[in-house]
Amino acid sequence: MRNTLKIAIVLFVLVFSNGISAQEKTKKELKEARKIEQQKITEALVTTQKFVFEGNRAFPTGYRSIDLTTNPNFVTFAKDFIKSDMPFFGRATGSIPYGGGDGGLKFEGVPSEFSIQKTKKNYQLKAKVKDKNDTYTLNLTIFFDGGASLIINSNNRASISYSGKIMAPPVN
């Protein structure tokens, strides 16, 4: 009887530990499936060449980073039209009044340049937009998980970068 009890305990432990490792594999498989699904969503957005960047952090040149989670912001990217409403923190020069004018990088227009290149680790988007007051060069790095990093250069303002994500544009 004592041997039977020992065997039962050993079998129980083996079955139980096997169940735990099966659950771990399932969690890993689920995580990998979510990662692959997000990569497909990102690839589809980049392929359509129509998506929105939303920043969660700003990195002004020469200043500390700034949390943007409570500050609405976006850049809508399309091959034939770009619209930006991003906050700006930093130095303005040239024809921009003290305080940076309207306080942000607000512009829209048809890009004179627009290209997307896929690399081993990400997508690289480069675009140039000119409005009545300035010319903006946008460099967007899109990671396969949907995360993104945007750098905006302007003739009249210091360079600024943002981290955030891309998403589908809102349906009107």
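Predicted model: local features only at pLDDT ≥ 70, side-chain atom pairs only at ≥ 80, totals over all residues.
Tutor: Residues are numbered from 1 along each chain as its sequence is written, and side-chain values use heavy atoms, with hydrogens and water left out.

Student: What makes β3 and β4 a pair of strands?

Tutor: Strands are DSSP runs of E with at least two residues, numbered from the N terminus. Two strands pair if DSSP finds at least two bridges between them. Strand β3 (residues 74-78) and strand β4 (residues 81-87) are joined by 5 bridges, so they meet that definition. The two run antiparallel, with A78 opposite F81, and they form a hairpin with 2 residues between them.

Student: How do you know that β4 also pairs with β5?

Tutor: Here 6 bridges join β4 to strand β5 (residues 104-109), again in antiparallel fashion, and the definition asks for at least two. Within this pairing, K83 has E108 as its bridge partner.

Student: Why is the contact between the side chains of E108 and K83 called a salt bridge?

Tutor: A salt bridge requires a side-chain nitrogen of Lys or Arg within 4 Å of a carboxyl oxygen of Asp or Glu. The closest N and O atoms of E108 and K83 are 4.0 Å apart, so the pair qualifies under that limit. E108 in β5 and K83 in β4 are 25 residues apart in the chain. Side chains of opposite charge can pair when their charged atoms come close.

Student: How many salt bridges does the structure hold?

Tutor: There are 4. Among them is the one between R57 and D67, at 3.9 Å from N to O. This pair links strand β1 (residues 50-60) to strand β2 (residues 66-67).

Student: Why is R57 called partly exposed?

Tutor: Buried means under 20% relative accessible area and exposed over 50%, with partly exposed in between (1.4 Å probe, protein chains only). R57 has 29% relative accessibility, so it counts as partly exposed.

Student: Why is S163 partly exposed rather than buried?

Tutor: S163, in strand β10 (residues 160-167), has 21% relative accessibility and therefore counts as partly exposed.

Student: Which residues does S163 contact, leaving aside its neighbours within four places in sequence?

Tutor: Contact means heavy atoms within 4.5 Å. With those neighbours left aside, S163 is in contact with F53, G55, N56, R57, F59, A148 and S149.

Terms used: Helix = DSSP H or I, 4+ residues; strand = E, 2+ residues; numbered from the N terminus.
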